[in-house]
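Visitor: Hi! I'm new to this one. Could you walk me through it?

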Amino acid sequence: MSGKLTDDALDIIFRTARTHNAWTSEPVSDETLHRLFDLMKMGPTSANCSPARIVFVKSKEAKEKLSPALSDGNRAKTLAAPVTAIIGYDVEFYEELPRLFPHDLSAKTWFNWSKEWAEQTAFRNGSLQGAYFIIAARSLGLDCGPMSGFDMKKVDEAFFAGTTVKSNFLCNLGHGDPKGLFDRSPRFAFDDVCKII
């Protein structure tokens, strides 16, 4: 399939999109969260391993459960966001490979030979899926506030206890209030960080 996005679409996903710190009261429907996941899951991962695991924190009770793990600077904006997604990754993702990579049933052995290798793979590919998550959310008209200012151990104990899932980052979702934005920070120029050789 060939084709390219319009400039308006690229603006929505990248150029004019911002990391939001303040939120309007407009809710985010469960249907929208399902649509977001259905887009995100199509992004490529190693052997389709798809290690990302997501908890969408919406209810007052769930927000209260999350609150003690948040840094002081992130607590108020996170509690005010309509949804906070906990983006985690399953370090034993390879157990699902017979279903996700059925054309080579030996794929599980590519990763389960080493806990360290499996976790590196899970973290790398789960982070990729986290990036797809942000792009998918923006493409559906949502604003995002991704962050890493939280106690991962507390989040894992509160939301992933008894599982093989670890938290990676949080992403607030909703409709951002532009009053909470500050000027966009600078970005590198191509020649600062890239080479064509």
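Guide: Happy to; we'll go through a helix, some strands, the core and the aromatic rings. This is a predicted model, where local features need pLDDT of at least 70 and side-chain atom pairs count only at pLDDT 80 or more, while totals for chains, interfaces and linings use all residues. Residues are numbered from 1 along each chain as its sequence is written, and side-chain values use heavy atoms, leaving out hydrogens and water.

Visitor: Which residues make up helix H6?

Guide: Helix H6 covers residues 115–139. Helices (H or I, at least four residues) and strands (E, at least two) are DSSP runs, numbered from the N terminus.

Visitor: What follows H6?

Guide: Gly 141, with a positive phi near 90 degrees.

Visitor: Switching to strands: how many residues of E4 are buried?

Guide: Nine of the ten residues in strand E4 (165–174) are buried. Buried means under 20% relative accessible area, exposed over 50%, partly exposed in between (1.4 Å probe, protein chains only).

Visitor: Which strands does E4 join?

Guide: Strand E2 (83–90) is joined to E4 by eight bridges, running antiparallel. Strand E3 (143–147) is also antiparallel to E4, with five bridges. Two strands pair if DSSP finds at least two bridges between them. In E4, Leu 173 is the bridge partner of Val 83, and Gly 174 is the partner of Asp 143.

Visitor: What about the largest nonpolar core?

Guide: It has 18 residues, and Leu 36, Phe 133, Cys 171 and Leu 173 have the most contacts inside it. H6 gives the largest share, five residues. A nonpolar core is a set of buried Ala, Val, Leu, Ile, Met, Phe, Trp, Tyr and Cys residues joined through side-chain atoms within 4.5 Å.

Visitor: Last topic: how many aromatic pairs are there?

Guide: Six. Rings of Phe, Tyr and Trp (its six-membered ring) pair if their centres lie within 6.5 Å; planes under 30 degrees apart count as stacked, over 60 as edge-to-face and the rest as tilted. The rings of Phe 93 and Tyr 94 have centres 5.7 Å apart and planes at 70 degrees, so that pair is edge-to-face.

Visitor: Are those two residues buried or exposed?

Guide: Phe 93 is buried, at 0% relative accessibility, and Tyr 94 is buried at 11%. Together with Phe 101, Trp 110 and Phe 111, they form one aromatic cluster.

Note on methods. Expected span 1.5 Å × (residues − 1).
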